[in-house]
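Work through the exercises below with the sequence and the structure at hand. Each task is followed by a solution in steps.

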Amino acid sequence: METKQFKAESKRLLDMMIHSIYTHREIFLRELISNASDAIDKIYYKALTDDSLTFEKDDYYIKVEADKDHRLLKISDTGIGMAKEELESHLGTIAKSGSLAFKTENELKDGYDIIGQFGVGFYSAFMVADVVTVISKAHGSEEAFKWESKGAEGYTIVPTEKAAAGTEIILTIKENTEDENFDEFLEEYRLKAIIKKYSDFIRYPIKMNVTKSRLKAGSENEYEEYKEEQTINSMVPIWRKNKSELSAEDYNHFYQEKHYGFDKPLKHIHISVDGAIRYNAILYIPEKMPFDYYSPEYEKGLELYSSGVLIMNKCADLLPDYFSFVKGMVDSEDLSLNISREMLQHDRQLKLIAKNINKKIKSELQGLLKNERDQYIQFYQSFGRQLKYGVYSDFGAHKEELQDLLMFYSSKEKKLVTLEEYVSRMPEDQKYIYYATGESNERIEKLPQTEIIADKGYEILYFTDDIDEFAIRMLMSYKEKEFKSVSSGDLGIDSDDSQGNDATSEEEHKDLFEQMKSILADKVKDVRASKRLKTHPVCLTTDGAVSIEMEKVLNAMPNNQNVKADKILEINVHHDVFQALTEALSTDKEKLALYTTLLYNQSLLIEGLPIEDPVEFTNNICKVMV
Ligand code: ADP
Ligand code: MG
């Protein structure tokens, strides 16, 4: 008999399963039962959409049987079964290899909770079994096959006999070791408890022969044991249950059972609506960003059920892009089972449900921000960016709904604040909401442009995300207060007399600025006396729609269109350096050119922009030194 090899990735996962020192091994049962339930779903779905088939509810169940003497645990189902090729392709390759791909070897070694958190499906059987045997007969087929594997060495497939369609998974449970007990997976009470814990809501009965005792016939005090078939699970799907009956644990288990994420959910939202539209939903806000969140592979969407039957795995129409991180499911009686993807898009009910869900998510997030700020900030650090995209996208169509969910780092509070908080504490004479952009808070803190605003005692919001300024430009204002970049032309601050960087100095030094401008040629649009600098000699600001940060972002994009910001070189006329400039103007034109390019390059460096010719720059510094 030929032994076939597992695919490389599968082998890696298998090794992990076999050698895991994992404490939650019990989840193997959850995985196998969930597969059995999926297999019955497939038949059920077929019967509902195909008149030639009938589905007798009693014919479909899952059975768990333990044989202690032979150390065998059998999980059987009356589902759709697997043909030979399916055994080969479904059990020979792991479906969820992605969950492993993003973890380093070390994380895996450290017992990273990938198994419990992500769920690894069928292979988890190898956590508790030395041998796994699968006997299956595909629905509508005459042949049955036996797949068997002892783990890493590979597997075999041979023809076998099986009366009805469906699948039996037979595990040869491992022997106990010094510090590990595997016997428990053959104990009736343990198996019952595990089923209750993880698989209670499975829609089909999970049956077990349970030991009971009764009085012996004809005896008054002698008892005998007997077996009785019992259904262990309550079969009520969690989303049909009353919120008050459910604990946070139940919701967490459902999240894991469904493999919605490899983390724990940060928050769950359980919705039951019974009115013009009727639906139940369980939604989750994940704790961590999925590893593939910003990759093209990531698909948003919710599971969609029609009266308890899964009709779509990821219904994208239920979630706007800015909530694409939300996981979960929706069940509605108002949707037709046979509805096609194309029809679904135009379905009125679905649109209403989507709208309703959108509202609920928003109010949940608002509540989180208001009542559990730390949790909200944790959420915002993972997904805030998505909300900002939401403000920007669709030409700002959602900006009003989303603006109160935004947070930015504040120069004053040294932490994230909302726009509402910012505006509520603005001094009366402050006209604008000020922001500064840069790579990090530390760098923005040091920007010369922030000096005068900070001096005035005004708060500045720090924008460190690429999207920030784009989103804010779309927003334009908040509560009638306009946003203003600290680098923009007019800051709306009356320069007091001590400043003196006003129009007179502009006029007075016209000649110098003209000269400097011609030295820099097309590099800058203008050279001006600064109204915002106090201690620093120079800075770069912009005129017009494109800021320096935006120039950076736009030029980093693949369809780079070489967008240029209109740069203004601002000079502090009260700085000693300015003296040097005026002197050079009257005595040494070459020196003026040297100083001007030096200052320009300095202003680029401050902005985090590359200087065109670093060698020339350093040579110039040397020239000044000697
Ligand atoms: P997943 O359930 O996420 O697809 P699994 O590793 O749990 O991943 O299962 C792999 C595949 O094997 C399933 O998708 C299914 O096609 C098949 N399979 C597993 N168990 C059964 C079963 N009891 N009946 C029919 N098919 C099954
Ligand atoms: Mg599975």
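**Exercise 1.** Decide whether S199 is buried or exposed, and list what S199 touches.

*Solution.* Step 1: the relative accessible area of S199 is 1%. Step 2: buried means under 20% relative accessible area, exposed over 50%, and partly exposed in between (1.4 Å probe, protein chains only). S199 is therefore buried. Step 3: S199 belongs to helix α7 (residues 188-199); helices (H or I, at least four residues) and strands (E, at least two) are DSSP runs, numbered from the N terminus. Step 4: leaving out residues up to four places away in sequence, S199 touches R30, I33, I194, I206 and N233, where contact means heavy atoms within 4.5 Å.

The model is predicted: local features need pLDDT of at least 70, side-chain atom pairs count only at pLDDT 80 or more, and totals for chains, interfaces and linings use all residues. Residues are numbered from 1 along each chain as its sequence is written, chains are lettered from A and ligands numbered from 1 in the order in which they are written, and side-chain values use heavy atoms, with hydrogens and water left out.

**Exercise 2.** Place I277 in the fold and find what it touches.

*Solution.* Step 1: I277 sits in the loop between β9 (265-274) and β10. Step 2: with a relative accessible area of 9%, I277 is buried. Step 3: not counting residues up to four places away in sequence, the contacts of I277 are D334, Q349, L352, I353 and N356. Step 4: I277 and L352 lie 75 residues apart in sequence, with 7.3 Å from C-alpha to C-alpha.

**Exercise 3.** Find what V273 touches.

*Solution.* Step 1: V273 is part of strand β9. Step 2: R278, Y279 and N356 are its contacts, residues up to four places away in sequence not being counted. Step 3: between V273 and N356 there are 83 residues of separation in sequence and 9.3 Å in space, C-alpha to C-alpha.

**Exercise 4.** Which residues of helix α19 (residues 548-556) are buried, and what covers them?

*Solution.* Step 1: the buried residues of α19 are I548, E549, M550, E551 and V553. Step 2: their cover includes the strands β16 (433-437), β21 (538-543) and β22 (566-571), together with helix α16 (466-475).
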